[in-house]
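Please find below a note on the model under review.

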Amino acid sequence: MHILIIGTGYVGLVAGACFAEMGHYVTCLDIDEAKIKDLQEGIIPIFEPGLKDLVVRNTTAGRLRFTTTYSSPGEICFLAVPTPESADGSVNLSYLEKAVKQLAPTITGPYIIVNKSTVPIGTAAQVTEWVADCFTERGVSFSYDVVSNPEFLKEGNAISDFMKPDRIIIGTNNTHSAKVLRSLYAPFNLNNERIILMDVLSAEMTKYAANAMLATRISFMNELSSLCEELGADITAVRKGIGSDRRIGSDFLYPGCGYGGSCFPKDIKALTHTAKRHNLSLSILEAVDAVNHNQKKLLFKKIAAYFGQLKDKKIAIWGLSFKPETDDMREATSLVLIKELYKAGAHLRLFDPVSMDKAKKLITDPVVWCQNELEASEGADAIVLVTEWKQFRFVNFTEVKKKMNHLAFFDGRNQYNPEEMRANGFYYYSIGRR
Ligand SMILES: NC(=O)c1ccc[n+]([C@@H]2O[C@H](COP(=O)([O-])OP(=O)(O)OC[C@H]3O[C@@H](n4cnc5c(N)ncnc54)[C@H](O)[C@@H]3O)[C@@H](O)[C@H]2O)c1
């Protein structure tokens, strides 16, 4: 089948490469000329484990191509463009609108538009109208359908998530579209039935509901962490204690210094905004967002409380991306922390294994960019672990200590054993563990 994918970012590029790997012919389209040029030359614009091999193999095999020119070579296209947050918390649909309005004039027969971007409930109907307006203007009347097929991949594990999804949500009332989507996804659905067919509105809602539930678990644990610290309890023990209950399960119960990324923060706000427009208030989700907002400031508060005065203190920051195994810096906790520390007069030494290039574009305050965690620790009064990259798990602390000026350690992801760190001579602080 020939597939067009509009938007060649974390979602579009992974989806395109995975569909091509399964034998489909895929055209990935993007308005970013530099990105498309890089991809045509085999340069991958994002860090995603396994993606380069997949892109190069399928490009060489002639199943994957990249373009900036709008056309509709097959009968199906996927929209994977950004849907960022607007100033009022609503979703900015301008990228989606532009994409649909550029696509519609190129359609020359029956067509299926599949929305993979995360969009407010009701957006498929809006897309249907944009296409109808264009067809009326053109004086054509091809049959078409707008399907919701939200994406659930996780950056850092995107290929595996796409290849072996927990579920494939297909939202459509049209039997032909359902049949085409089923056939397209058949190779990803061989071992057991993963396709869940539903109406469009429920599919759009499912994506928000999933992210809202996951963010709720994180904020819940973060809130309990603060209480644990106050009372002298240990959130790690509590997590194990509740996670062993099959009704609860142990995933997504890790406390930390706040969630970030391009999805949870904006999707929670979008859902609460949608509810408000319908005179409903989602008070649980409003609290989830508020707890996370505070949690992102927690490390700074701990560091400031420890030192009292931060002027001229040297602080090393290990990890900048919003989570490990990705270079994505969108809404990363490190950005909040760095701003606060810099304002308080601290000197910052930063290191991340892969996101340094992206971080340099966002962090404009004067800081020292380091080659590794050891270099970042040079002369440091404190180390702050913000992103739990694997390479930070077994650090040679004897070497790290030799570099440091003072042995304070703030662990934003509970990566280390408090007793061991204290035995190692550190003044060690983590989340929800006294
Ligand atoms: N990143 C994730 O982990 C993830 C997971 C699930 C769902 N989503 C959702 O998927 C959507 C895309 O997210 P992303 O992270 O891939 O975004 P991204 O910013 O990485 O990529 C989007 C791409 O779309 C391109 N684009 C913008 N306007 C365009 C247009 N008119 N025509 C063609 N290309 C255009 C941009 O240049 C960019 O390359 C969002 O709605 C997001 O919420 C993201």
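1. A residue is taken to be near a molecule if one of its heavy atoms lies within 4 Å of it. On that basis 29 residues surround the ligand, the closest being Asp 30, Lys 35, Tyr 70, Thr 83 and Lys 266.

2. This is a predicted model, in which local features need pLDDT of at least 70 and side-chain atom pairs count only at pLDDT 80 or more, while totals for chains, interfaces and linings use all residues. Residues are numbered from 1 along each chain as its sequence is written, and side-chain values use heavy atoms, with hydrogens and water left out.

3. A polar side-chain atom of Thr 83 is 2.5 Å from a ligand oxygen atom, and for a polar side-chain atom of Arg 330 the distance to a ligand oxygen is 2.9 Å. Tyr 10 places a polar backbone atom 3.1 Å from an oxygen atom of the ligand.

4. Helices are DSSP runs (H or I, at least four residues), numbered from the N terminus. Axes are lines fitted to C-alpha atoms over the stretch in contact, with angles from 0 to 180 degrees between N-to-C directions. The axes of H8 (residues 200-231) and H11 (residues 283-295) are 9 Å apart, at an angle of about 55 degrees.

5. The axes of H8 and H10 (residues 264-277) come within 9 Å and cross at roughly 115 degrees. H8 is therefore roughly perpendicular to H10, a term covering angles of 65 to 115 degrees.

How values were computed:
Helices (H or I, at least four residues) and strands (E, at least two) are DSSP runs, numbered from the N terminus. A polar contact is a pair of N or O atoms within 3.5 Å; within protein, one must be able to donate a hydrogen and the other to accept it, and residues adjacent in sequence count only if both atoms are side-chain atoms. Angles under 35 degrees count as roughly parallel, over 145 as roughly antiparallel, 65 to 115 as roughly perpendicular and the rest as oblique.
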